[in-house]
Amino acid sequence: MSRKFLRTTLSAAALLAGLSHSAMATTAVPLNGGGATAQAFNFANEFATFNAAQSLYAFGTYYSISSGTAQTGFVTNAAGLFNAGSTFAVDYTTSEYPLSSSNYAVWTASSNAQGQASAGNLIQVPVLGTAVPIVVVNSAITANGKLQLTDDQLCGIFSGKMTNWNQVSAPATGVAPAAGQITVVYRNDTGGTTYNLSNHLAKVCNGTNSNFAPGFAPSNTFSAFFTGGVVPGAPASFVGVKGNLAVANYLSSIGTATPTTSAVGYTSPDYTSIAPNPDGLLGNGLKSTLLVAGLKNGTLYYTPTVANIAAALNKPGANATNLAPPSAAIAAANPLNWVPSIPTPGTGYAIVGYSNLFVPQCYKDANVAKGVIAFLKLHYGNAAYFAIENNNGLVKVANTGSAKFLAAIKTNILADGNAWHVNIQNATACAGIVGR
């Protein structure tokens, strides 16, 4: 239901903005794709802004699916995974879940006629900084940040070891939640939001606290953390739904048999009240009023505000990996080297990550490549796009902290400044290749 509503909403927005293929000017080259549900409305708004400013190329409807499915659809050029019955070339996709080594292997396999052999390198770059708000529904919690959770409490709640709010004590700066069974609402698809959550839990749910079981690892599948893939207490205390919108709908008592009064879940900032002015709407057509918890980082508790997300990304912490952009052509040709991992930032909100864009290096139609490059230049450098992102509770890719990739992206992906030949539509790398 939620996925259908999201697609319908985005399609309607696309029609109003002149994004649908039927409404495009006959000279406009269509750019087709979609991806993660987490920033779906943000990308739809950015694409509408882009399309309104020129007529040479235009993004079509952003088809919102889970990050894992989006990756599979992109590497195999399977348009039907984005929109049943479609046969367009998949020009791009987005995913909070960084490219998996298995999907990269599919791309480079000689048996994949839609990957490396025909489209050149797979390019993956971070395009947005984001967070995973922990949403709380409890009668005693009436404002953002009033519920304050430690890592130990997060581990206890999402492992199923804490099942009642009376097990969650409050610090002096917070509010104690009202007692009652904790219903945990989780993503039961292959979600990038799940990945960012588990990337954090994998580091903090360990032998130093009492609630580390069952043991978390970075994954885009929540049920993978539990024996046999069965979440404990289901369906009474754990409820699985598909997509971030569905999580927000459930916690907002939209489409539920009975009102949700005692629950916790995770979604993206734009489906909560922490986002300043989000584009996303819930299943009832209204903006979310969901409240989020403050998470402990060091001695302080932080909510996922734009400022706190940016601070976390700019101070990635001891457990961060892949913080330096590639410094040579061979490394730059590998998309696995282009996304930082920040499981425990040194300050700011504790659960952060990036939304990433996937494109082929070589396009059959050079105008499609021009459109992608033109969009990315605006996305990375135009204040109007930054405002859209901030309104949705997201942050731009900066050139500080863990985000020192920005200069490298501009130099080597949007141009060929170092003559590495890894940029989009590089004449040397794409010579003799059909293109996507």
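Mentor: Start with a definition: two strands pair if DSSP finds at least two bridges between them. Keep in mind that this is a predicted model.

Trainee: In what order do the five strands of the open sheet lie?
Mentor: The pairing in this sheet is mixed. Strand 2 (57-64) and strand 4 stand at the edges, each with a single partner strand, so one side of each has no neighbour in the sheet. The order is 2-1-3-13-4.

Trainee: How many bridges join strand 4 to strand 13?
Mentor: The two strands run antiparallel. In this pair, G129 stands opposite Y354 of strand 13. The number of bridges is nine.

Trainee: How many of the ten residues of strand 4 are buried?
Mentor: Strand 4 covers residues 122-131. Buried means under 20% relative accessible area. The strand is mostly covered, and the buried count is ten of ten.

Trainee: At about what angle does helix 2 run to strand 2?
Mentor: Helix 2 (residues 40-52) lies across several strands. They are strand 2, strand 3 (92-95), strand 4 and strand 13. Its angle to strand 2 is about 165 degrees.

Trainee: Within what arc do the buried residues of helix 9 fall?
Mentor: In helix 9 (residues 306-314), the buried residues are N308, I309, A312 and L313. Seen down the helix axis, they line one face, because they fall within an arc of 135 degrees.

Trainee: Which strands do those buried residues of helix 9 pack against?
Mentor: An α-helix has 3.6 residues a turn, so residues three or four places apart point the same way. In helix 9, the buried residues pack against strand 4, strand 12 (300-302) and strand 13.

Trainee: What handedness does the link of C155 and C205 have?
Mentor: The sulfur atoms of C155 and C205 are 2.0 Å apart, and the pair forms a disulfide. Both cysteines are buried. The angle about the S-S bond is -95 degrees, and the link is left-handed.

Trainee: How many residues apart in sequence are the parts that C362 and C430 tie together?
Mentor: C362 and C430 form a disulfide, with sulfur atoms 2.1 Å apart. C362 lies in the loop between strand 13 and helix 11 (366-381). C430 lies in the segment after helix 13 (405-412), so the parts tied together are 68 residues apart.

Key:
Residues numbered from 1 in each chain as written. Predicted model: local features only at pLDDT ≥ 70, side-chain atom pairs only at ≥ 80, totals over all residues. Heavy atoms only, no water. Buried < 20%, exposed > 50% of the residue type's maximum accessible area, 1.4 Å probe, protein only. Helix = DSSP H or I, 4+ residues; strand = E, 2+ residues; numbered from the N terminus. Contact = heavy atoms within 4.5 Å. Axes fitted to C-alpha atoms, helices over the stretch in contact; angles between N-to-C directions. Arc of directions from axis to C-beta. Disulfide = S-S within 2.5 Å.
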